[in-house]
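Hi there,

Here is the structure I promised to pass on to you. Please have a look at it first, and then read my notes below.

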Amino acid sequence: MQFFSRNSAMAADGNRRRRPARLASTAAAFVVSGLVLSSCQSLFEQAYEPSVSPSSNPQIVEEVQKGDPRAQMGAREHPRIVASYGGEYSDAKTERLVARIAGALTAVSENPNQSYRITILNSPAINAFALPGGYLYVTRGLLALANDASEVAAVLSHEMAHVTANHGIERQRREEAEVIASRVVAEVLSSDLAGKQALARGKLRLAAFSRQQELQADVIGVRTLGEAGYDPYAAARFLDSMARYSQFTSVDPDADQSLDFLSSHPNAPQRVELAKRHARAFGPEGTHGETGRDYYLNGIDGLLYGDSPQEGFVRGQTFLHGQLGIRFDVPVGFQIDNKVEAVLATGPGDVAIRFDGVADNQKISLPNYISSGWVTGLLPDTIQTISVNGLEAATAKASADRWDFDITVIRIGPQIFRFLTAVPKGSAALESTAAQLRASFRRITPQEAASLKPLRVRVVTVGTGDTVGTLSARMMGTERKLELFRLINALGPTSTVSPGMRVKIISE
């Protein structure tokens with residue numbers, strides 16, 4: 001969990017308190033022009049950027065690793081990968097689906113002696129990659145976006161191609177120094193301009209280094225895709241879907257997309273056209289291979305979508321966490337982002353909110369906690385004790401650089417929950433925003449906690465009278481229902497649905 005640095009409104013105290021429970025879902029920093037964050041996690045655990053490289057024939061880990069020094073590399077990095085992406089996603093039906101797809105690819109592998117250990121990562125990010133020695137990964141977020149088995153096969157065959165082309169060891173060696181340096185920059189400088197420029201330069205160098213390898217993997221991947229009996233045009237099709245998803249999620253220009261596929265895999269219209277050109281070796285579009293759409297949709301029906309219960313849920317303007325037993329609302333017009341280190345929200349007029357929690361080990365008074373050294377720019381005369389819906393709380397004001405801040409801390413049992421509201425200096429929105437947050441924060445009842453359900457991918461059959469509009473109206477978890485419905489079903493702006501079609505919606 002991250003704390004505010006001493007260069008901004010708040011700074012981490014020397015105890016490096018741990019968060020009582022995970023409060024979010026993607027690794028990123030709180031970006032509010034001038035607000036800089038630092039992490040209390042290891043540099044290797046936070047926002048880990050893996051090297052690419054995989055293998056071919058599902059086997060148990062011990063067999064994959066036996067006598068293979070490359071597998072020892074993968075084995076070292078595997079726990080970090082799993083931790084960075086929210087752990088493993090365990091669902092027998094989905095695991096069988098991925099195994100079926102990968103099995104078809106390994107049957108035509110250029111290296112039949114290569115084995116794979118396939119892990120589905122419990123992350124809503126859109127990504128797939130591999131490590132030396134046959135460690136292959138795909139996120140549940142990617143599975144939710146794909147529309148048929150051939151699209152997932154396209155991604156997996158591309159990653160497998162990095163192994164057959166022996167890219168992994170070379171990339172591991174040449175990326176190591178750059179990635180570690182970038183991680184240090186990300187953690188120390190976070191969201192300031194120098195940090196962003198340094199990270200951008202690093203990513204460009206890595207992209208330039210890997211571009212030829214990516215294109216080579218495209219060639220091998222599409223060939224493997226077609227030889228395995230899948231639609232070879234699926235690679236180009238899914239590249240388009242991922243590009244559309246990237247645009248959909250880029251509403252927040254400061255969003256950290258470092259865990260997403262397109263951040264580490266160069267994407268361009270030319271690359272899509274090259275994928276189509278390779279596919280034409282198997283014949284015109286629609287004449288070769290299967291998409292596997294029906295069995296794919298069967299396999300992902302019920303797949304967890306977005307936030308997991310351990311991370312809390314965002315429902316419109318409300319954040320709820322059943323395990324912590326809390327909820328609060330942000331003002332209308334604010335967008336909530338549930339991240340690994342905190343819950344963040346941004347709104348009109350450059351107003352920003354951060355919410356997190358720390359263990360309350362010292363049991364000091366809340367006014368003393370606020371003044372214990374972790375708030376820079378604190379105005380001591382503003383500290384006051386209050387009650388928030390019957391809960392012990394305290395507030396204060398702070399000012400730093402071009403920003404004014406409201407700090408609110410609330411104690412529940414062994415935990416202290418913290419709100420930081422940031423506004424441009426002099427903005428009248430500070431008090432009204434902070435007051436609304438305080439008024440809305442409360443404990444939830446056991447009945448409310450029990451009623452919270454995660455969002456899932458649900459596969460439905462289009463009925464008579466159903467339209468894109470009526471089906472998208474059934475979507476949950478987003479204000480942009482129509483746009484997301486078209487996106488996850490690969491429907492264009494003028495595409496329609498017809499009775500008997502099977503489509504995905506997101507609901508509880």
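**Around Arg438**

Arg438 touches Ile386, Val388, Asn389, Thr395, Asp406, Thr408 and Glu431, leaving out residues up to four places away in sequence. Before you go further, please keep in mind that this is a predicted model.

Arg438 sits in helix α13, which covers residues 429-440. Is Arg438 buried or exposed? Its relative accessibility is 13%, so Arg438 counts as buried, the limit for that being under 20%. Two of the residues on its contact list are also polar partners of its side chain. One is Asp406, whose side chain makes a polar contact with that of Arg438 at 3.1 Å. The other is Thr408, where the side chains make a polar contact at 3.0 Å.

**From Asp406 to Leu378**

In sequence, Leu378 and Asp406 are 28 residues apart, while their C-alpha atoms are 9.7 Å apart in space. Leu378 belongs to strand β13, residues 378-388. With a relative accessible area of 18%, Leu378 is buried. Setting aside neighbours within four places in sequence, Leu378 is in contact with Ile370, Ser371, Ile383, Ala396, Lys397 and Ala398.

**The cavities**

Four helices each supply at least two lining residues: α5 (149-164), α7 (193-227), α8 (234-249) and α10 (269-279).

**A look at α8**

Helix α8 is worth a visit while you are there. Its 16 residues should span 22 Å at 1.5 Å a residue, and its end C-alpha atoms are 22 Å apart, so the two values agree. Which residues of α8 are buried? They are Ala234, Ala235, Ala236, Phe238, Leu239, Ser241, Met242, Tyr245 and Phe248. As background, an α-helix has 3.6 residues a turn, so residues three or four places apart point the same way.

Best wishes

How values were computed: Residues are numbered from 1 along each chain as its sequence is written. This is a predicted model: local features need pLDDT of at least 70, side-chain atom pairs count only at pLDDT 80 or more; totals for chains, interfaces and linings use all residues. Side-chain values use heavy atoms; hydrogens and water are left out. Buried means under 20% relative accessible area, exposed over 50%, partly exposed in between (1.4 Å probe, protein chains only). A polar contact is a pair of N or O atoms within 3.5 Å; within protein, one must be able to donate a hydrogen and the other to accept it, and residues adjacent in sequence count only if both atoms are side-chain atoms. Contact means heavy atoms within 4.5 Å. The expected span of a helix is 1.5 Å times one less than its number of residues.
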